Amino acid sequence: TGLALARTIADPVRALAKGAQRVGAGDLQVLLPEEGEDELAFLSKTFNRMTADLRENRSQLESQSDRLEGQRAYLDQLLAALPVGVLSWGEDDQLRTLNPMARAWFGMGPGLPDWTEFSSEPRLGRLPSLMASVRETGRTQQEDFRVGAEGEGRPVRAVVAPLQEGGILAVLEDLSLLAQAEKRAAWQEVARRMAHEVKNPLTPIQLTAQRLLRRAREGRLDVTVVTEGAEAILTEVSSLARLVESF
């Protein structure tokens with residue numbers, strides 16, 4: 001009778017101990033029997049509620065982790081598709097973000113370098129100085145400079161701004177296409193003005209030649225008219241010659 005009574009107490013306690021070991025190992029599917037109305041049954045019910053809460057919390061954590069992972073992958077896709085260079089630093093001034101465009105401009109491989117060592121690289125241009133200025137003043141800085149290896153650099157416009165959590169964000173815009181567009185526009189303006197300057201002398205030359213031709217047909221061509229016409233033509237031709245030489 002004593003052994004039977006002992007088993008009624010020992011078996012639920014042993015099941016509870018084994019269940020606790022399984023939960024400690026990560027198995028949250030443990031379910032203890034809830035027979036009776038005594039303290040051991042109450043303990044089993046409490047244990048089952050605890051494991052149910054743990055399962056629900058783990059499910060929520062896994063769902064949140066999946067959502068965060070999806071957001072991170074989406075952000076990585078956005079950073080990879082952006083036509084600008086993006087860098088960010090944490091509060092400890094260590095590099096946290098470096099998108100593919102910035103990697104290509106700086107000639108970097110995969111992984112994030114140690115900013116303490118990497119910041120001394122000449123290919124970064126004025127970026128480390130701007131970052132230090134933002135860290136000191138807490139204000140957004142903007143500047144145009146060149147980045148990249150010697151002879152292969154490109155002009156960029158960098159906007160470096162502080163972040164609320166103490167980090168720093170830098171966005172670098174490639175000015176190569178803008179510079180090419182400005183140069184093309186400048187040459188178009190030069191061509192337009194050149195055409196205008198060329199047309200100016202052509203008009204008096206044409207009028208003088210027509211006058212000489214008309215006088216010759218009418219038989220009224222004299223030395224004075226020829227001299228004046230020739231001088232006018234030579235003057236305008238000299239003007240064209242100077243224009244071409246200056247160009």
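What volume does the largest cavity have? The largest cavity has a volume of about 30 Å³, and the views below begin with it. The model shown is predicted, with local features requiring pLDDT of at least 70 and side-chain atom pairs counted only at pLDDT 80 or more, while totals for chains, interfaces and linings use all residues. Residues are numbered from 1 along each chain as its sequence is written, and side-chain values use heavy atoms, with hydrogens and water left out.

View 1. A cavity is a set of points, on a 1 Å grid over the protein atoms alone, where a 1.4 Å probe fits but cannot get out, and its lining residues have an atom within 4 Å of a point. Volume here is the space filled by probe spheres set on the points, which are joined across faces, edges and corners. By this rule the count comes to one cavity of 30 Å³ or more. The lining of the largest cavity is made up of Pro12, Val13, Leu16, Leu40, Leu43 and Ser44, and α1 (2-24) and α2 (39-81) each supply at least two of its residues. Helices (H or I, at least four residues) and strands (E, at least two) are DSSP runs, numbered from the N terminus.

**View 2. The largest pocket.** A pocket is an open set of grid points with protein on both sides within 12 Å along at least five of seven lines. About 160 Å³ of space lies in the largest pocket, and of the twelve residues that line it, the closest to its centre are Pro12, Pro33, Glu35, Leu40 and Ser44. Helix α1 gives the most to this lining, with four residues, and both α1 and α2 supply at least two.

**View 3. The largest nonpolar core.** A nonpolar core is a set of buried Ala, Val, Leu, Ile, Met, Phe, Trp, Tyr and Cys residues joined through side-chain atoms within 4.5 Å, where buried means under 20% relative accessible area, exposed over 50%, and partly exposed in between (1.4 Å probe, protein chains only). The largest such core has 23 residues, and those with the most contacts inside it are Leu87, Trp89, Phe106, Leu127 and Leu172. Among the elements that give two or more residues to this core are β1 (85-89), β2 (95-98), α3 (100-106) and α5 (127-137). The largest share, four residues, comes from α5.

View 4. Arg154 counts as partly exposed because its relative accessibility is 27%. Arg211 forms a salt bridge with Glu228, with the closest N and O atoms 3.8 Å apart, and joins helix α6 (residues 176-218) to helix α7 across 17 residues.

**View 5. Helix α7.** Helix α7 (residues 223-246) has 24 residues and reaches 34 Å from its first C-alpha to its last, close to the 34 Å expected at 1.5 Å a residue, the expected span being 1.5 Å times one less than the number of residues. Val225, Gly229 and Leu240 are buried in α7, whereas Glu228 counts as partly exposed because its relative accessible area is 41%.

Notes
Salt bridge = Lys/Arg side-chain N within 4 Å of Asp/Glu carboxyl O.
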